[in-house]
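Here are some notes for a reader who is new to this structure.

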Amino acid sequence: MTPQPPPEPRNAKGETRHIGVEIEFAGLPPRKTAELVQELFGGQLVVLSPHRLKVTGARWGDFGIELDTQYAHPDKDMVDAEAAIDSEWERMRQDFHARTRELIGDMVTGLVPTEIVCPPVPWDELEELDALFEALRRHGAKGTDASLLYGFGLHLNPEAPSLEVESLLAYLRAYLLNAAWLREQIHVDITREVLPHANPFPRAYAIKVLDPGYAPDLETLIGDYLEDNPTRNRELDMLPLFAHLKPDFPHELFHNRLVKARPTFHYRLPNAQLSEPGWGAVTEWNRWLEVERLASTPETLAERSAQYLARHRPSAPRRLLSRLRRWVSDR
């Protein structure tokens, strides 16, 4: 499958836009996965800990491969303190910690997913990255539908074509309008629907954002988002992009170590459909482009927003009744 071109193929600097890709799966431990990545894309295999590896200097950059649980890896504070160890007792404590975490990783391998975090890939080279998905299939990797316990996903991180607030708002509106269609196309796995990792946006938030009078500056856009979505667990997670633009924004999520600031949308919805021949990053990129096409056509975006509001926004009498009830309850 060939990646379709986006309406805006270049970023604000005039460079080809890149896409980050993350994939979760079972059936292949991190070490064998890293060796497979190295075989496909070159680079040097670096063992950070028994269940966390990197392939550095590979095609497009560095690949990260690990068991997707913090309990399988040495604690960062302990690792950072290792150089300052000046007693035998501290050295024994460090060694015990590392061995315990390795044992936990050995025990949960097969229960928690292996994750590959790929370097940013130019959108027009995604087809070459899909060789990785085919290789994972050949080597026995299992995706979302292999078990009811496997709530695995594929995440795309499309670089934003512009960091202006008007553009970000258009993309957010386009996503809200296409979210139901994307869920239908993907057939989001029931396990992933139950788990909180890719929850839909609240309808009240969609109504607020799609209102034609909503014209926020960046701080208001971020503040409104956090008021209705104080979580990383959204199908389109805007926190990495917002943290990149406003790293000093006063909210605890901006200091969460799991929020990686970057100039990209963090699209968390797709399943990891490794059992489906031909499926890969290109499949999900081509679906995502429905969002980009709508965001790039202002008249259609405004028309569809109006249709959504006509269907879902409460009528004036109902809004008045709702305000009256709130006033009575506050008395």
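1. Rings of Phe, Tyr and Trp (its six-membered ring) are taken as a pair if their centres lie within 6.5 Å. In this predicted model, ring pairs join Y171, Y175, F201, Y205, Y225, F242, F265, Y267 and W288 into a cluster.

2. The structure holds 15 aromatic pairs. One of them is formed by F41 and F63, which are stacked, with 5.4 Å from centre to centre and 0° between the planes. This pair links distant parts of the chain: F41 belongs to helix α1 (residues 30-41) and F63 to strand β4 (residues 61-67), 22 residues apart.

3. Are F41 and F63 buried or exposed? F41 has a relative accessibility of 12% and therefore counts as buried, the cut-off being under 20%. F63 is buried too, with a relative accessible area of 0%.

4. Y225 and F242 make an edge-to-face pair, 5.4 Å centre to centre with 80° between the planes. Y225 sits in helix α8 (residues 218-228) and F242 in helix α9 (residues 239-245), so the pair ties together parts 17 residues apart in sequence. Both Y225 and F242 are buried, and both belong to the ring cluster.

5. Helix α5 (residues 165-186) packs with helix α7 (residues 203-210) at an angle of about 135°, their axes being 10 Å apart. The two helices, α5 and α7, are therefore oblique to each other, and the crossing of α5 and α7 is left-handed.

6. Which residues meet where α5 packs with α7? From α5 come L169, L172, R173, L176 and L177; from α7 come Y205, A206, V209 and L210. The residues of this contact divide into 8 nonpolar, no polar and 1 charged.

Technical notes. Residues numbered from 1 in each chain as written. Predicted model: local features only at pLDDT ≥ 70, side-chain atom pairs only at ≥ 80, totals over all residues. Heavy atoms only, no water. Phe/Tyr/Trp six-rings, centres within 6.5 Å; stacked < 30°, edge-to-face > 60°. Helix = DSSP H or I, 4+ residues; strand = E, 2+ residues; numbered from the N terminus. Buried < 20%, exposed > 50% of the residue type's maximum accessible area, 1.4 Å probe, protein only. Axes fitted to C-alpha atoms, helices over the stretch in contact; angles between N-to-C directions. Parallel < 35°, antiparallel > 145°, perpendicular 65-115°, else oblique. Left-handed = near helix turned anticlockwise from the far one by under 90°. Contact = heavy atoms within 4.5 Å. Nonpolar A, V, L, I, M, F, W, Y, C, P; charged D, E, K, R; others polar.
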